[in-house]
Structures are given as C-alpha cells and as structure tokens.
Amino acid sequence: MGKPENTPAAGQREQFGSRISFVLASMGGAIGLGIIWKFPYLVGRHGGAAFIVVYLAALVLVAVPVLITEFTIGRKTGTSYTSALKKLLPGKKWYLVGILGVIALTLTLSFYCGIAGWTVAYLLKSVTGAYSGMATDQVVALFSDFTTNPWQMLLWLAVMLLITTVVVLRGVKGGIEKVCNILLPLMFLFIIFLAIRAIMLPGAGEGVKFYLLPDFSSLNGEAVMAAIGQSFFALGVGCGNLVVYGSYLDRKKTIGSSTLMVVLGDTVVAILFGLIIFPAAAAFNIEAGMGPPLVFITLPAIFAQMNFGMVFATVFFIMMFFACLTSTICIMEAIVGYLVDEFHLSRRLSCWIVTGIVFVIGSVMMMSYGPLSNVLIMGQTIFDFFNDTVVSAILLPLGALLMVLLVGWVLKPRTLLDEANIGEGLKINRYYTITIRYIAPVAIFFMFLQLIGIIRF
C-alpha cells in the first residue's frame, strides 16, 4: 500500500490496536464543531430541553442506523466507501454515491480546517490574555479584525491543515490511534471541569433549568427537522467517512456494541457541553441561541469578565482544538483512504494531494471573510454557499438518503446484518431492519425537502 515504515506491508489492512482505540477515534471523528459549536445554539434556538428529547429520539431512530451501516460496510469489505460499494454491487453505478461522499468530505474539510484554525488562534489569544478585561463590543471588534485579515485566515488554515496531515501521514496506529487515545480522555476532563465551573456561576440556575426541564409547547416542525439534521452532524455520518474506520475494525465484538459505545460517549459530550454554555449564558445574560458567533464572540466576552477568565478560556480553546483535530483527522483519513484504495497511491502521496487541494479550496472559502466578501453565490458568501447550501442542505442529506435506500431496499438489511452481528455483544436484528428500511428514509427525505426549501414547517 506504500505506507510509511510504521504501518503494515503492502496488501495488509491496518487495524486499531484495541476496541477502546476504535471507539475513541470514532468519537473523535464525531465530536467537533457539530457538537461544540452547533448543538448548543440549536438547543437555545429551538426550546432547550424539549429539543434535546427530540434530538435523542432522532439519534436512535435515524442517525444510529446510518452509523451502524457505515461501520458494517467498512468491516465487511475492508475498504473505503467507494471501493466498498464496488465490491457489494459489482457492475452497478452505486459507487457514485461514494464519490459524492468524497466531494462532500473534501468541501467539508476545506471549511472545517479554516474554522478549526480559529481555535488555535484564539487559544494563543487566551494564553497571552489578548482580550482580558475587554467589553463585549471590543471582543466583537477583535473578532471582526481577525476574520477580515486575509493573511490570518490563510495562516491558521495552513496550520490546522498541516497538523492534521502530519497525524494522518503516520497511519492508524502510529498517528490516529495515538492522538485520539490521548486527546479524547483529556477533552472529557476539560469539559467536566468547565461544566462544574459554569454551574457554580451566580445566576446559572436559570440556564440549567432551561437546558434540563423540557417545555414541549415550544416545539414545531422546524425544530424536529433541525434535531434530525443535528443527529447526523453529531455522529459525523451521511457521506461514508466512517466506513474507513470500520475497515480497520476486527471481528471480536459486534458492530452494535461498538456503535453503542461511540453514541453514548458522543451524547455525553454533547450534554456536558450544554452544561457549559447555558449556565454561563444565563449568568452573564447573553443569548445562547445566537448562532455561529457563540464560540468566538460570546464565550470570549464571558471569559473576559470572569475571575481567572483567561485560564478558563485557555482550557476551553484547548478542548476546542482537540475536538476539531480529531474531526479533521477522521475526514482526511476517509479522503486519503479513497485515493489509496481506488488509485493505489501511497499514503504519503495521497495525504499531500489532499492537503494541496484542501488548502486551495479552503483559501477561497476563507477569503469570503475578507477580500472576497462581496462575491455572492445565490445571495450567499462563498463560505456560506458551500457550507450551508452545497454540503449541509444538499450533499450530506442526499448522501444519507441514498445510503439508507441502498441498504434498505437494494442490498437488503440482511446483507449487512450477518456481518454486524459477528462477535460478542449486542445483536441488532429487528431494530436495524425497521429503522433502516422505513423510519430513517422517511425522516431524511422530509429533512432534505425542508433544507432545499421545497417544504416549510
């Protein structure tokens, strides 16, 4: 396979060294901006605890079956998504769904590395106390100056992309597994530490109440569709990127057991992170559902007013960096796996090809905050068009819909169930068949129609 000296010889597929390593790496692929950035503001925007109840139902009935599918396809075929579809359906055109996924992942990695680079920049700002004692309007001005500086945008995109590339270059055991085994436990500790501190803030009680006591009168169809969409973002499924992690998995335990561990860990992180945001937002009387500025404007403004705020800010942005890095690693690994499996390129060459392509595309996207801010596509900036429309509203839900239709009605669930239930642990027969054939397709279909604007709730 042309991999570095610390990886298996040609013709051999790497495997994770242990079950916990696989779980941590898969959780790392899921935990990122989708949970730390998007989950809190969706909860704040759609009614608090009631939204969480719907979100948990969407996880179980819609997103988890897709996650099981990705892991199982990977383990059954031992390849990345596109190659796997060629093996499962030889001579058919279904492999194009895998190529669609690679395009979505490439675009995602391009803007993800750009935003993830901001976490590194803000980590340095926190360490140096760059915004200590600032008023909220000063924090807003700091963020505006930062994002409109083209050299800053390119620098931090490059930094995050290079860090990701170095890890992926080292392969599964030498890079991905080692990094995730260290970073994920540390991130859990940081989240617990910050959650305890937030709950102890004066006035935090109202935020805890809003977050944990559901009021279903605030729910509507839009909130339900948002919860379904967030369940996909939270687990990082929909375009086949976790198929490659499944291909590195042994058959000692069932896919159901591995999936359960990943989903529980991912959900615990999401819930704990809300216990940072909502108590702090209530304590400082800010709007937790304000959207994207939450992480880079609102929270720094809170830290700037807290005692020892820069200490807590530093811990927070270290945690953010860990979460983003494990996600960018997962996304890049899926794209690299495609090049290695489909074109028989070495891991090293594949990594640098991906790095070059992502840097070029990412540079154009990030320039939409500065020199290209006036360039609009369908009324949106370049960044927003590719993030919100192309990837989030079209490619991801379309890829997920095609995946569940393929497994539920073309391959038939039994094709994957036999593989998924190999090993000791949780068996997933009737649950998987019902959700993958009926519940998931209907839910994803309506979410897709809403995202592209055909229906409104």
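This is a predicted model: local features need pLDDT of at least 70, side-chain atom pairs count only at pLDDT 80 or more; totals for chains, interfaces and linings use all residues.
Aspartate 250 sits in the loop between helix 11 (243-246) and helix 12 (255-283), and arginine 19 belongs to helix 1 (residues 19-30), so the contact ties together parts 231 residues apart in sequence. Aspartate 250 has a relative accessibility of 18% and counts as buried, because the cut-off for burial is under 20%. Arginine 19, at 16%, is likewise buried.

A salt bridge also joins the side chains of arginine 251 and glutamate 419 (3.0 Å, N to O). Arginine 251 lies in the loop between helix 11 and helix 12, while glutamate 419 is in helix 17 (residues 413-420); the pair therefore ties together parts 168 residues apart in sequence. Arginine 251 is partly exposed at 40% relative accessibility. Glutamate 419 is buried at 6%. Arg251 and Glu419 are linked with Arg75 in a network of salt bridges.

Glutamate 424 and lysine 253 pair through their side chains at 3.8 Å, N to O. Glutamate 424 is exposed, with a relative accessible area of 55%. Lysine 253 is partly exposed, at 35%.

Across the whole structure, the search finds 7 salt bridges.

Note on methods: Residues are numbered from 1 along each chain as its sequence is written. Side-chain values use heavy atoms; hydrogens and water are left out. A salt bridge is a side-chain nitrogen of Lys or Arg within 4 Å of a carboxyl oxygen of Asp or Glu. Helices (H or I, at least four residues) and strands (E, at least two) are DSSP runs, numbered from the N terminus. Buried means under 20% relative accessible area, exposed over 50%, partly exposed in between (1.4 Å probe, protein chains only).
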